[in-house]
Amino acid sequence: MTYPDPTLFGHDPLWLVIIKAVAVFAFLMLSVLAAILIERKLLGRMQMRFGPNRVGPKGLLQSLVDGVKLALKEGLIPTGVDKFVYLAAPIIAAVPAFIAFAVIPMGGEVSIFGHRTALQLTDMPVAVLYILAATSIGVYGIVLAGWASGSTYPLLGGIRSSAQVISYEVAMALSFVAVFMYAGTMSTSGIVAAQDGVWFVFLLLPSFLVYVVSMVGETNRAPFDLPEAEGELVGGFHTEYSSIKFAMFMLAEYINMVTVSSLATTMFLGGWHAPWPINMWDGANTGFWPLLWFVAKVWTFMFLYFWLRATLPRLRYDQFMGLGWKILIPFSLAWIVLVSTARALRNEGMPQVTTTLAALAVFVALLIVAALWRRTRRRGDREIPVQKLDPAVFPTPPLPTPVKERADA
């Protein structure tokens, strides 16, 4: 296999940079169109009904028609909103979703029109931190949309989003620390190269579980879709949005799903490396074949998103916050201590520590799963005591006389 030379990044000719940028943009847009259609089809089958089956052959053009419909709808702006922030919020939410994908490696070194280049737009020594920063900026679009709408329910959705990003960004960042220690770099291409032998999902299983939970919370997807919460907030932060502005929020959500799924593939599933037993073929990780393995892994995580949405109900807000602060973050900190100790012992000449760490990872992963189950089941089934109000302190006004009785009198 051919790993990209770090010196290649930043030295591609302009025309090649434009081709790769357009290719990344097209990949994300096509992924969104496919994801919306596949999600609706899968949810329909899981709920024993048909999904979209009218527009185009077997409903294949439904996503495209929905996009055209949203673009042609009249864009309404409510009275009394902060117009500049109201219009800028969808852009702030959508743009970071695109730029975060710039450092995701989709393959090794290939030849395009005679030029050797990596199947990656660019890379940097702190590429993973760049992705975290870009995704964090995108959440500001949701917060500003809720504030600028001038309505109660969008404001509540924006406040929930700000609390959500604080809770789950911390857990997500902590899940990467163990990967950094084992890979010895924050470069995404370097992390993929470090998984040439063993994928980090086997050595760092607790970090993988914490990241999977955090990425669902980070993208505001069920069962963590508290900023939208149609049941209690009508539509949450985008209640007052319509037409293309509403479509941009949906576009940002699905692109963020693709981005965090790609990041999970890069950090824990070997990136573009072929899975076993395909990797036994000598040419599995050469040429454009790695692009196929990468896309297959990404869509595995996308299916997980759809499955969760069809299966789990929305969590209560106290369950949601307790999950982040009382389970994910403490377990991540404890796991980082164990991994750093194992790495220190290995540097002292004890290579057998790696096997012990893998066994310990399974044990800690089981503890995390048990804690998640306990948190979401026992706390959800408990009876909440009803507080009785003192009539002397909180007098109840008399009920109005029914209209029929007043007419009879």
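View 1. Helices (H or I, at least four residues) and strands (E, at least two) are DSSP runs numbered from the N terminus. This is a predicted model, where local features need pLDDT of at least 70 and side-chain atom pairs count only at pLDDT 80 or more, while totals for chains, interfaces and linings use all residues. Residues are numbered from 1 along each chain as its sequence is written, and side-chain values use heavy atoms, with hydrogens and water left out.

**View 2. The buried side of the story for H11.** Buried residues here are Pro 290, Trp 293, Phe 294, Lys 297, Val 298, Phe 301, Met 302, Tyr 305, Phe 306 and Leu 308. Buried means under 20% relative accessible area, exposed over 50%, and partly exposed in between (1.4 Å probe, protein chains only). The buried residues of H11 pack against helix H1 (14-46), helix H8 (205-218) and helix H10 (243-268); contact means heavy atoms within 4.5 Å.

**View 3. H4 packing on H5.** Helix H4 (residues 127-148) and helix H5 (residues 152-183) have axes 8 Å apart, at an angle of about 170 degrees. That makes H4 roughly antiparallel to H5 (an angle over 145 degrees). Among the H4 residues in the contact are Val 128, Leu 132 and Trp 147, and H5 brings residues including Pro 154, Glu 169 and Phe 180. By class, the H4 contact with H5 has 13 nonpolar, six polar and one charged residues. Ala, Val, Leu, Ile, Met, Phe, Trp, Tyr, Cys and Pro count as nonpolar, Asp, Glu, Lys and Arg as charged, and the others, Gly among them, as polar. Axes are lines fitted to C-alpha atoms, for helices over the stretch in contact, and angles run from 0 to 180 degrees between N-to-C directions.

**View 4. H5 meeting H10.** These axes come within 11 Å and cross at roughly 35 degrees. Ser 175, Phe 176, Val 179 and Phe 180 of H5 meet Leu 263, Met 267 and Phe 268 of H10. This contact has six nonpolar, one polar and no charged residues.

**View 5. Gln 120 in its loop.** Look between strand E2 (115-118) and H4 for Gln 120. At 2% relative accessibility, Gln 120 counts as buried. Its neighbours include Phe 9, Lys 20 and Ser 189.

Notes. Parallel < 35°, antiparallel > 145°, perpendicular 65-115°, else oblique. Lists of a residue's contacts leave out its neighbours within four places in sequence.
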